[in-house]
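The sequence and the model are shown first, and the description follows.

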Amino acid sequence: MSAGLLPHAALGRLFGLIEVMADTPGPDDLFRLADRLRLQLDDLHPLIEAARLLGWARVAHGDYDLTEEGQRVATSDVAGRKALFRERVRGLPIIASILGALAGASAVPRETIRKKLRPRVPPQEAERQLDTAVNWGRWADLFDYDADDACFIRVEEDREA
Amino acid sequence: MPEPLISLVGVGKRYDGAEVLREVSFDVRPGEMLALVGPSGCGKSTLLRIMAGLIPASSGEVRSNGRLLSGLNPDTAMVFQSFALLPWLKAAENVALPLEAHGVPAPERLRKAEHLLDLMGLRGHARAYPRELSGGMRQRVGIARALCQEPRVLLLDEPFSALDALTAQTLRDQVIDLLQDPAVATRTAVLVTHSVEEAVYMADRVVAFQANPGRVVEVVPIDAPRPRRWGSPALVPFVDRLYGLMT
């Protein structure tokens with residue numbers, strides 16, 4: 001994965017994975033995990049990558065292990081998970097760039113962020129990056145997105161419950 | 001024992017002369033998660049639709065909240081395997097739609113819909129179209145839409161079957177938690193599933209069916225402590241027993 005890009009992980013699957021990882025404490029083999037979940041390593045990869053990027057799992061030499069925060073995610077309810085996710089996600093480059101743009105405007109066209117990705121990300125991947133950013137940003141309550149007008153929308157911080 | 005919320009007595013169903021269900025009798029008790037499990041063709045999804053009043057029984061009696069059922073059952077709301085969201089409506093609008101049919105004014109509809117989405121962890125996705133959502137998120141919208149109607153009994157028709165294993169696992173736990181949540185009015189659910197493991201993991205009682213024609217073999221109480229763990233040894237005897245009954 002190129003530096004700074006988001007892995008395309010559906011969040012429901014990611015949290016499912018964290019729960020499964022928490023069921024078997026200590027480092028374990030990735031192949032065995034994939035086998036137990038009846039998942040191809042290719043399908044597992046973006047999820048593992050997301051867990052690593054968020055600081056919830058360590059991966060080395062084909063083994064994985066949950067970090068302390070990862071353990072906390074596994075036992076938290078939705079609100080707790082959201083809080084941890086939010087803090088981690090707001091610092092990721094593409095999310096931070098959207099938040100930065102929204103600091104100066106209540107709505108920012110998708111095209112503006114697409115242009116920032118363009119020099120280093122191929123067009124199709126740029127679209128996927130934007131879609132994943134929308135999904136993660138919404139789940140973290142960091143920003144909203146208007147698909148009709150194709151623009152990111154600022155949400156007020158006091159939406160945080 | 002408190003009055004059953006839904007009561008089936010000798011319910012049968014025929015389509016064009018073919019017998020789909022024969023003499024089905026059981027109660028749905030307040031506060032329970034009741035699972036209907038059986039091989040495909042045992043009529044369990046048909047039975048769920050009979051309980052919802054979407055299709056009539058050919059024989060026998062269905063009572064809901066003490067009243068003989070005729071037409072749509074106002075005490076129930078259904079969650080579908082296929083999610084059944086309207087693609088041109090945003091998530092909150094999909095959730096609020098049944099309330100419109102119930103004559104709830106627009107501002108209250110939206111407030112309730114956003115509250116339910118919040119409980120499902122999807123507050124930030126209220127303005128997302130279904131195509132912008134993952135499968136797990138779509139089904140969360142489907143569940144929010146059903147719970148928004150505050151049914152006495154939530155009817156779940158294979159709600160996790162279209163989802164991958166990881167997504168399904170977190171959503172099962174979320175449904176169990178929601179039915180205990182003081183912010184949710186509904187306490188009782190009927191789950192149709194072809195997965196014995198899922199039935200045992202989630203339910204307080206499991207109704208085991210055989211096919212051709214669909215009929216009840218036995219109602220098995222799952223008196224394993226909660227919270228349960230998927231694949232835990234404590235659940236194995238129940239799983240084995242149910243497989244034994246159905247085959």
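## What covers helix 5 of chain A

In this predicted model, the buried residues of helix 5 of chain A are covered by elements of chain A that include helix 1 (11–23), helix 4 (68–75), helix 6 (93–103) and helix 8 (123–139). The residues of helix 5 of chain A that count as buried are A:Arg81, A:Lys82, A:Phe85 and A:Val89. Viewed down the helix axis, the buried residues of helix 5 of chain A lie within an arc of 100°, so they line one face of the helix. On the face turned away from that buried side, helix 5 of chain A carries the exposed residues A:Ala79 and A:Gly80.

The length of this helix can be checked against its residue count. Helix 5 of chain A runs over residues 78–89, which makes twelve residues, and at 1.5 Å a residue it should span 16 Å. The C-alpha atoms at its ends are 16 Å apart, so the two values agree.

## Chain A as a whole

Chain A contains eight helices and six strands. Along the sequence, they follow the pattern α-β-α-α-β-β-α-α-α-β-α-α-β-β. For the 161 residues of chain A the globule rule gives 15 Å, and the radius of gyration is 16 Å, which is close, so chain A is as compact as a globular protein of that length.

The C-alpha trace of chain A spans about 45 × 40 × 25 Å along its principal axes. Of its 161 residues, 32% count as buried. Among the contacts in chain A with a separation of 6 or more, 57% are accounted for by residues 24 or more positions apart.

## Helix 5 of chain B

Helix 5 of chain B has 14 residues, and its first and last C-alpha atoms are 20 Å apart, close to the 20 Å expected at 1.5 Å a residue. This helix is mostly covered, with ten of its 14 residues buried. The buried residues include B:Leu166, B:Leu171, B:Val175 and B:Leu178. Also buried in helix 5 of chain B are B:Thr167, B:Gln169, B:Arg172 and B:Gln174, among others.

Which elements cover these residues? The cover of the buried residues of helix 5 of chain B includes helix 1 of chain A, together with helix 3 (106–119), helix 4 and helix 6 (196–202) of chain B.

## Where the chains touch

The contact between the two chains takes 20 residues from chain A and 18 residues from chain B. On the side of chain B that touches chain A, helix 4 (135–148) and helix 5 (165–178) of chain B each supply at least two residues. Helix 5 of chain B gives the largest share of that side, six residues. Sorted by class, the side of chain B that touches chain A has six nonpolar, eight polar and four charged residues.

## The two domains of chain B

Chain B is divided into domain 1 (6–75 + 151–246) and domain 2 (86–149). The centres of domain 1 and domain 2 of chain B, taken over C-alpha atoms, are separated by 24 Å.

Where these domains meet, the contact takes 13 residues from domain 1 of chain B and eight residues from domain 2 of chain B. Helix 5 of chain B supplies four residues, the largest share of the side of domain 1 that touches domain 2. By class, that side of domain 1 of chain B has ten nonpolar, two polar and one charged residues.

Note on methods:
Residues numbered from 1 in each chain as written. Chains lettered and ligands numbered in written order. Predicted model: local features only at pLDDT ≥ 70, side-chain atom pairs only at ≥ 80, totals over all residues. Contact = placed C-beta atoms within 7 Å. Nonpolar A, V, L, I, M, F, W, Y, C, P; charged D, E, K, R; others polar. Domains from an automatic or database assignment. Expected span 1.5 Å × (residues − 1). Buried ≥ 20, exposed ≤ 12 C-beta atoms within 10 Å, placed from the backbone. Arc of directions from axis to C-beta. Rg over C-alpha atoms; globule rule 2.2 N^0.38 Å.
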